[in-house]
Each structure stands twice: as C-alpha cells, then as structure tokens.
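Hello,

Here is the structure we talked about. Please open it alongside this note; my findings follow below.

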Amino acid sequence: MSNKTVARIVVVCAVVALMCVSDVVASASLTSRTARGPAPDFTLETTGGTNISLAQQKGKGVILFFFTTWCPYCRVKFPDFAREYEQYKSDNIELLVIDAGETQKKVSSFLARQKTALPFPVLLDKDMAVSEAYDVVGVPTYVLISPEGQIVYQDNVLPKDFRELFG
C-alpha cells in the first residue's frame, strides 16, 4: 500500500472513532454521574463591572459554564444559551457563564464579536481560583448545582435531561 492509501485509512478510522465517541457523549445521562458535595461559594466580577456570587443564587438550580474565548466547543454554546436563557430563568435555573483565566479586555472583545446579543452576564475568573475550586481541567465544563447548593453533575457536556436535577 502507498503512504497516501495508509493516510486515507487512518483518517477514515479517526472519523469513525470520533463519530462513535460523539454518540456516547450525546447519550450521556444523569444516571452515569455522581454528586460531589457542597458547591464552593465564590464572588466574581462580570465583564460589566458588577459582582455576582453563588450565594446570591440560593434556592435556584445553577448551571456553571466554564469556557475560554479560544475554545471552539465553548463558542458554539453562546447562541444556544442566549436562546434558552429566559426559559432557564422561568424554570428557576440560573446560568453563570465563567471565563477561565483570561483578561477582561480579551473577554469583552470576544463578546463584542458575538452575532447574538447575550442576555446573561459573563463572569471573569482571572486568577482561575474558582476554576481550581471546581476542579476544572478542560473547557467547556458544566457544573450543575442543586437549589440546596450541592454539586449534582460535572462534565464536559450538558445532558438533555439535566432539568431533572433541579426538581
């Protein structure tokens, strides 16, 4: 076999493997995840200059979404979040979008380039203290916190049935 043929076979195998992995990830359910205990409290500044804390969300379900501006998987979630934000709020779920480790200038520039107006605040974890407290090792990372303040799910995908965690 020629090198070109071998290269094509490797590419086809890689594509098939990725398709299989994406099917497994897409079918992730809440039953395959375990709770981690109480959610660490934090207060972070938004790109608009106000402070938001986890304690302010007491009694609500909370979705923490850790992202970076350079992450292509993170960027595609912003239009979805913008579309779903009001429904989250009416379901008593708060969305806290947290940039992990980038400057306010970089994040604000990224947000200004978004094609969709973002109705939710974006928090800045400049020193990554909150990311570390939540053991974030890659982006995107979703952390779901129950209205009682317990971490009930953490992973790189948001399962379709996540609302079940919030009652």
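Which residue in β6 does Glu 45 stand opposite? It is Leu 124.

First, the ground rules. This is a predicted model, so local features need pLDDT of at least 70 and side-chain atom pairs count only at pLDDT 80 or more, while totals for chains, interfaces and linings use all residues. Residues are numbered from 1 along each chain as its sequence is written, and side-chain values use heavy atoms, with hydrogens and water left out.

**Strands**

Helices (H or I, at least four residues) and strands (E, at least two) are DSSP runs, numbered from the N terminus. Two strands pair if DSSP finds at least two bridges between them.

Strand β2 covers residues 43-46 and pairs with β3, residues 51-53. The sense is antiparallel, over 3 bridges. Here Glu 45 stands opposite Asn 51. The β2-β3 hairpin has 4 residues between its strands. In that hairpin, Gly 49 takes a positive phi near 95 degrees. β2 is also joined to β6 (residues 122-125) by 2 bridges, again running antiparallel.

**Salt bridges**

Side chains of opposite charge can pair when their charged atoms come close. The rule used: a side-chain nitrogen of Lys or Arg within 4 Å of a carboxyl oxygen of Asp or Glu. The count comes to 6 salt bridges.

For accessibility, buried means under 20% relative accessible area, exposed means over 50%, and partly exposed is in between (1.4 Å probe, protein chains only).

- Asp 80 and Arg 83: the closest N and O atoms are 2.3 Å apart. Both sit in helix α3 (residues 77-90), 3 residues apart, so about one helical turn separates them. Asp 80 is partly exposed at 22%. Arg 83 is exposed at 59%.
- Asp 91 and Arg 163: the closest N and O atoms are 2.8 Å apart. Asp 91 lies in the loop between α3 and β5 (93-100), and Arg 163 in the segment after β8 (150-155), so the pair ties together parts 72 residues apart in sequence. Asp 91 is partly exposed at 32%. Arg 163 is partly exposed at 33%.
- Lys 106 and Glu 102: the closest N and O atoms are 4.0 Å apart. Lys 106 is partly exposed at 44%. Glu 102 is buried at 8%.
- Lys 60, Lys 89 and Glu 94: these are linked in a network of salt bridges.

Best wishes
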